[in-house]
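Here are a few notes to read alongside the model. Keep the structure open and find each place as we come to it.

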Amino acid sequence: MTSPDTSVPGASALRQTGRLFTLAASVVALTFRRPFQVRELIQQFYFIASVSILPTALVSIPFGAVIALQVGSLATQLGAQSLTGGASVLAVVQQASPMIVALIISGAAGSAICADLGSRTIREEMDAMEVMGVSPIQRLVVPRVLACVGVSVLLNGLVSVVGVAGGYFFNVLMQDGTPGAYLASFSALAQLPDLYVSEAKALLFGLIAGIVASYRGLNPAPGPKGVGDAVNQSVVITFLLLFFVNLTMTAIYLEVVPPKGS
Amino acid sequence: MGIEVTVEGLSKAFGPQTIWRDVTLTLPAGEVSVMLGPSGTGKTVFLKSLIGLLKPETGRVLVDGVDMVNDPDRKVFAMRKKFGLMFQDGAMFGSMNLYDNIAFPLREHTRKTEKEIRRIVLEQMDVVGLLGEERKLPGQISGGMRKRAGLARALVMDPEIILCDEPDSGLDPVRTAYISQLLIDVNARIDATMLIVTHNIEIASTVPDNIGMLFLRDLVAFGPREVLLTSEEPVVGQFLRGNRHGPIGMTEEKDAAKLEEEARAADTLGPVRPIHIPPQLRPSPGLPARAAEARHAAAVDAILPTLSHAAQHAIRENRAHLNQTGGLT
């Protein structure tokens with residue numbers, strides 16, 4: 001498809017956005033079209049998990065600790081030390097965990113996906129595949145996006161646990177918090193929908209990371225430098241989108257779900 | 001039997017730059033056609049338009065009732081399974097070895113067992129002379145081998161239409177001759193409609209039934225091989241002789257002043273080679289005769305009286321040669 005020549009400012013940004021959503025829509029549609037690429041999905045799942053599990057775990061321990069320390073010292077000043085546990089759990093589960101997962105999925109897996117698809121595109125492999133009547137979106141993009149989503153959702157659980165454990169460790173050992181108060185304040189402030197929204201965020205962030213990486217990979221500027229630029233852009237665009245989507249989801253969640261005890 | 005491909009009023013532009021406009025031609029079912037043209041006249045773009053990879057702005061490409069340009073993706077994808085396209089550099093999947101590359105269409109589109117796939121793939125690799133190289137990755141072999149692997153991959157699905165993008169580029173003259181013979185043999189075996197895009201005169205003058213030529217955004221000519229080879233058209237003549245006498249310049253078209261200057265200094269342009277019209281290649285011994293040969297002969301007979309004297313003579317010569325070598329029935 002060629003695009004009409006327009007000189008309206010912002011038209012090309014809108015066009016890109018439109019194409020991005022078109023790709024997202026076709027990925028969703030083609031997910032349910034047979035044949036489903038089980039092998040490719042498993043390979044990608046394994047690959048993404050293997051590059052992201054360790055960095056995510058390593059990042060989430062200090063992150064949980066930082067939140068616990070900061071919230072703990074603030075809460076102590078306000079005389080609410082007994083609620084430190086609940087507060088830091090909310091921060092870790094709802095905000096930190098999905099963000100950490102998404103940043104690492106995008107940085108580690110998204111860049112690899114984008115570089116892979118991009119170099120295949122400039123080597124005409126995508127054209128070759130289309131010529132053979134195989135849709136590259138169905139064959140390559142769908143398994144990659146699904147793997148991103150799956151790994152995000154699962155990793156989110158890991159990060160939540162590791163982050164909360166890190167927070168507990170630092171609070172109890174370094175700030176003289178009591179284990180009992182820390183655990184008890186969980187159920188005072190946190191509730192199950194907090195976990196649901198955390199997983200929903202992880203799912204959506206994984207989807208965004210996968211789709212943006214694939215989109216940039218399928219449409220690189222010509223030449224090897226084009227692929228490099230595409231990888232760079234895919235990570236930056238994903239980060240920008242993540243923070244906006246996170247803001248929106250948090251705002252909606254706080255409006256819709258009443259805080260516990262109110 | 002191959003499928004007829006009808007191109008009607010096809011025009012393609014990239015932004016303000018017109019590649020070619022109003023191209024109308026028919027690739028007759030089962031016949032071999034060659035598209036000639038200087039580098040950069042959009043031959044590859046034309047090939048990609050036929051298969052629906054690029055979408056020309058106007059016109060239609062009809063294949064068995066499906067318009068490859070305007071019909072929805074679903075129909076175009078289904079029709080593509082009847083195509084085999086050999087890319088200029090092979091376009092092999094870099095992460096798979098040659099065997100998996102060539103087996104790819106079979107695994108995606110058929111329910112054949114691995115045993116059957118193995119038989120077909122090894123047979124095709126034997127045909128293109130790559131037996132024993134199954135485990136190599138595309139990055140580990142030469143450009144000519146990649147090209148042959150690309151041809152093998154285009155052939156495994158027994159396509160009804162075969163498109164070849166410069167089968168000769170990067171090959172030595174001997175291998176080019178083998179590829180020419182291979183293409184004719186394939187045509188004899190599966191009677192597929194074939195279009196070969198090239199600027200190799202050797203292939204153009206010995207392989208096809210029909211020749212077309214693109215120059216300066218237009219289809220200059222399309223017709224039976226002998227008609228093009230005897231054409232009085234300056235562009236066609238210059239291209240077939242491969243010298244500097246004529247309208248084709250280094251960039252695109254020469255301007256009037258340049259042409260005049262050359263006319264004055266004609267002897268500095270090098271000798272003018274006469275065009276030799278060789279007989280058309282025949283399938284290798286042991287293969288059936290090409291079914292398209294008789295159809296092509298009948299079609300040519302119908303227009304024979306309208307052709308130039310030289311073309312009629314060349315056609316008779318070629319038939320006499322065919323008859324001597326056990327040809328037309």
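This is a predicted model: local features need pLDDT of at least 70, side-chain atom pairs count only at pLDDT 80 or more; totals for chains, interfaces and linings use all residues.

1. B:Val121, B:Gln124 and B:Met125 are buried in α4(B). Seen down the helix axis, the buried residues fall within an arc of 100°, so they line one face of α4(B). An α-helix has 3.6 residues a turn, so residues three or four places apart point the same way.

2. What do the buried residues of α4(B) pack against? Their partners are α3 (98-109) and α5 (143-155) of chain B. On the other side of α4(B), you will find B:Lys115, B:Glu116, B:Arg119 and B:Asp126 exposed. Just after the helix, B:Gly129 has a positive phi of about 75°.

3. Next, the largest nonpolar core, which has 144 residues. Those touching the most other members include A:Val101, A:Ile105, B:Ala152 and B:Leu163. Helix α3 (residues 84-122) of chain A gives the most to this core, with 18 residues. From chain B, domain 1 (5-82 + 159-230) and domain 2 (234-274) each supply at least three residues.

4. Finally, zoom in on A:Val101. Beyond its neighbours within four places in sequence, A:Val101 has contacts that include A:Thr56, A:Leu155, A:Val159 and A:Phe205.

How values were computed:
Residues are numbered from 1 along each chain as its sequence is written. Chains are lettered from A and ligands numbered from 1 in the order in which they are written. A nonpolar core is a set of buried Ala, Val, Leu, Ile, Met, Phe, Trp, Tyr and Cys residues joined through C-beta atoms within 7 Å. A residue is buried if 20 or more other C-beta atoms lie within 10 Å of its own, exposed if 12 or fewer, and partly exposed in between; C-beta atoms are placed from the backbone. Helices (H or I, at least four residues) and strands (E, at least two) are DSSP runs, numbered from the N terminus. Domain bounds come from an automatic or database domain assignment. Two residues are in contact if their C-beta atoms, placed from the backbone, lie within 7 Å. The arc is that of the directions from the helix axis to the C-beta atoms.
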